[in-house]
Structure formats: structure tokens, C-alpha cells
Amino acid sequence: MPDRPLERFLTKPVNILLLGFLGFLLLGLKFINISLESPILLTIGRFHPILLHFPIVLVLLVLGAEVLRFLKIIQIDSKVFFYSFLVMIVLTLVSIFSGYLLFASGEYSGYLMEQHFNGGVLTGCLLFVSFALFLYQWKSGKLYALYLIALLATNGAALYTGHQGGNLTHGQNFLTEYLPMIGAEVEVESKVDSNQYLYEDIIQSILEAKCVGCHSTLRAKGNFSVSSFEDLFKEGKSGKAGLKHYLPDESELYLRVIMPDSVSDRMPPAGKTPLDDKEIAILKYWIANGAKMKQGLADSTTADSTKIEMQLLVNQLEPALKKYRFNVHKSKLNAEKLAAELEYLATDMEVVIKRDEEAEGEMYTLSNTFPPAPFDSEKLAQLKPYLDVFTKVSLVSSQIDDADLYVIAQMSNLKELYLQKTKLKGSGLIHLSQLQNLKVLNVSFTKVDDKALLDLVKFPALKEVYTYSTETTKDVIIALQKYKPTLQIHAEEGPYF
């Protein structure tokens, strides 16, 4: 039983109720809206990622210890739990407060941020309730099962919050990305011996890892694909064949990968991971010895010393090759999962979602059906977990208004946006200025006016705007084009897609 002043104070029924009530007061953070200008508060907010780990670890440890105590595996004095809860509450409050400062600073926003913040507040509320129930059962010996349930719920909320935090900082599904691959890793194993086929076991893995993102059957940049063995020998946009048997110095694929970094035609382009010296050496060896599909290391007329050298290179490359195969397999599984989710979503929302065959990676386009089905803020909210996969969006004749542009502005890879015949007035257009890739914007048949049009000077990549039948005037359009000559403003309806 409690025997110290603090313990006796906190175990009084009225104080237990007060403690639970204080926990629910955390919900008030959901309804407070402040803007921060103090560098001190902003600095405190930056400590959030450091502080949050301590209460998460403690709440997991307390649950584990309570389970062991419940099963009578170990005996732990209740005072240990009492002071653990006090430490947790202090750390959790500091963590939530610093997280709120970080949130209020405006540096983070969007669906994942909202879910992470909601989870943090919920975790804090449940922690206070768990502590109140702990104090009550410590004093009275009752409601122990309810206390365990509350503690379990607190842990669940903490894990959910941590999951959303991981998604926020490292990308969506950060914690679950590899789950589909459990039990399937055997597919990426390979043999390391002289019976390896140079193309099937080595070259293909390198090309899939470093080239297929831009040069596949679906998106063949320069009209060149590395998706199949046959594709490698076809001519690209340059009119030159990718490979020529026995002739590496006349094979465009080989010539492109050995170009200096400063040459624009070098492949992969700047920003992508190039082939290293070992990979280039093996590619050249393969082409020089015929570039055949079923060609092993031993199937050549080169000197034995050269074959041994190549075998050593292959052996050295094997860890990297295994990693390439693993990543390719992971990408395929993730792509299949994303495609299935978007297909279901498109059917449920009555929209058309298609893969963007012109874009790199797993990118998609979104458009209304014809005739268009109703599309409003509620449907737009369903897209929040997938906002970064869309490159082109057409919501013509929808109920989208200026407030919805805040959500659309989180489509970080968006290049084209068609909003003809929507409820836009223009006040929300400024949100779209944060889109670094937006090149085409169509607001024809809306109430966008001159004031909103002037915000377009803040759009970093915008090239074309369509303003037919809006409330803009010719004089402002002419002035805007003089100020920003790279921006073309068309007084016509413009394209649909």
C-alpha cells in the first residue's frame, strides 16, 4: 500500500479522477491553432525526435513487466510501476509538447502528419487513464484487468504513432515494407561458380537495378528498353543499336555507360547510381565474347588468365548482385501491392487511375469518368495516403474548391493539373506554389480572378496556364507574361485528359 506523501496523495479517489481528466485535456491540442515565431520554441520543437523514444520504450517495458507479474513469473513491487508511470508521464508530456511545437511551426503537414499528431495525443490520453487505473487498483485491489486493457491500448496507440512517424520521416509503409518478402527471399539466391550465365545471372541483374527505371517496355526513354534480351539489340532514338555481338566499341549501351560524368548523354544520368568499374568490365567482356544469352564464363576464346580474372570480379560482385535481385524483387512486390490498392480505390471512388507510362517509377494518373461521377472533398481525402504517386490529375466538373487545393498541393510529383468547371475562386491557388514539378494548370470555366492569377509568379516550374471563361482580364495576363516570359497563359479552354 502507498506509504509516502506523494503516493498517498495520488491514490485518493478524487485525485485519481482528476488525473484521468487531465489526460483528456490533451485532446485540447487538437483544437488549438497557433503560429510560432519564437526561435526558442522552434528549437524546442526540434528535440521531439530525440525525446519521443524514452516514453515509448518505458511503456513497452511496463506492459511486459505487468504481464510477467500477472502470470506470476516474477514479483515486482508496485512502487516500481508507480515511479515508472511518473517518469513516462513527464517524458510523454514533454514529447507531445515539443511535437506540437514542431507541428505548429508549419514544417510538417499533410495526412501522415495529422495521423502522427492524433496518435501522439491519443497515446498521452491513454497513458493518463492507465495511470489513474493503476493507482485505483493499487489502493483498492480492484479493476486490475481493466488497467491491463488500458495499458495494452496505450502500447497499441504508441506503436501506431511510431509507425506514422516512421512513414512521415522515411516514407509510407516504412515499417511494413519488407513484410511481403518474408518467405520469398529464396527467389533472390544465385549460384557463384563457372556455370553462371553472364547475361541471366549477372548482366540482367545489373541492368534491372540501374537501367530499367527509365528503359523498360512501359517507359522506354530514347525508345530503348532493357526489359528483355532481344530489346538490347534494337535501335534507340539515336538510330544506333544498343548492342552488337563481339563489338563493345560499337554498342551504344556500353558506350553510354563509360562516358564521363560531364557528358549529358551518359547513362545512367546524373543523380542515378552508375555502373561501377567491375560491372562495366564484365559488360565489356560479355559483349566482346558474343553477347549471347546462354553464355557462361568459360564459353569464350580468351586466355585462361582473363577468364580467371572475370571469375574473381564476379565473385567480388556477388554481394552487390544479391542486393540488386533483392531490391528488384521488393520493388515488384510493392508495385503489385500499390497497383491492387489503387485499382480497388478507383472502383470504389468511381474514378480512373492508370499507370503513367511516361514517368519514372511507379507513378499514376487520376481522372474523372465520363460522364463524371461526383467528386468532392470527402473523396479527395481517401487519396491522402497515395498523394505522392500521381503525376497528372484531372478533376473536371467536380466539386473541388479552393480549400481542397491544400490537399492537392501535397501531390509532390504532380506535373499536370486540370480543374476546369470546378468551384474554384482562386484564393487557394497559392497552395499549389509549393509544387516543384507542376508545369500545366487548367482553370478554365472557374471564378479565378486577377488577384489569384498574380500568384502564379510564385510557381517555380509552371509553363502553361489555361484561363478561358474566368474572371481574369487581358491587361493582367499581358503584364504577367511580360514579368514572367517563361509562362504561357492561354485564353482558351485547353486540353482535357
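Q: What is the relative accessible area of Phe 97?
A: This is a predicted model, where local features need pLDDT of at least 70, side-chain atom pairs count only at pLDDT 80 or more, and totals for chains, interfaces and linings use all residues. Residues are numbered from 1 along each chain as its sequence is written, and side-chain values use heavy atoms, with hydrogens and water left out. Phe 97 sits in helix H6, residues 78-104; helices are DSSP runs of H or I with at least four residues, strands are runs of E with at least two, and both are numbered from the N terminus. Buried means under 20% relative accessible area, exposed over 50% and partly exposed in between (1.4 Å probe, protein chains only), so Phe 97 is partly exposed because its value is 42%.

Q: How many Å apart are Phe 97 and Val 121, C-alpha to C-alpha?
A: In sequence, Phe 97 and Val 121 are 24 residues apart. In space, their C-alpha atoms are separated by 9.8 Å.

Q: Which residue caps the N-terminal end of H11?
A: Look for a side-chain oxygen 3.1 Å from the backbone nitrogen of Lys 278. A polar contact is a pair of N or O atoms within 3.5 Å; within protein, one must be able to donate a hydrogen and the other to accept it, and residues adjacent in sequence count only if both atoms are side-chain atoms. The oxygen belongs to Asp 276.

Q: At what angle do H9 and H11 pack?
A: Axes are lines fitted to C-alpha atoms, for helices over the stretch in contact, and angles run from 0 to 180 degrees between N-to-C directions. The axes of H9 (residues 198-210) and H11 are 11 Å apart, and their angle is about 130 degrees.

Q: What does that make H9 and H11 to each other?
A: Under 35 degrees counts as roughly parallel, over 145 as roughly antiparallel, 65 to 115 as roughly perpendicular, and the rest as oblique. With an angle of about 130 degrees, H9 and H11 are therefore oblique.

Q: Which residues in H11 does H9 meet?
A: Contact here means heavy atoms within 4.5 Å. H9 brings Leu 198, Tyr 199, Ile 202, Ile 203, Ile 206 and Lys 210 to the contact. Buried residues of H11 include Glu 279, Ile 282, Leu 283, Tyr 285 and Trp 286. The H11 residues that H9 meets are Glu 279, Ile 282, Leu 283, Tyr 285 and Trp 286.

Q: Is Ala 291 buried or exposed?
A: Ala 291 lies in the loop between H11 and helix H12 (304-349). Its phi is positive, about 50 degrees, although it is not a glycine. With a relative accessible area of 0%, Ala 291 is buried.

Q: What is the relative accessibility of Ser 469?
A: Ser 469 also has a positive phi, about 60 degrees, without being a glycine. Ser 469 sits in the loop between strand S6 (464-466) and helix H16 (474-483). Ser 469 counts as partly exposed because its relative accessibility is 43%.

Q: What is omega near for the cis peptide bond from Phe 370 to Pro 371?
A: Pro 371 is in the loop between strand S2 (364-368) and helix H13 (377-382). The bond from Phe 370 to Pro 371 is cis, with omega near -5 degrees.
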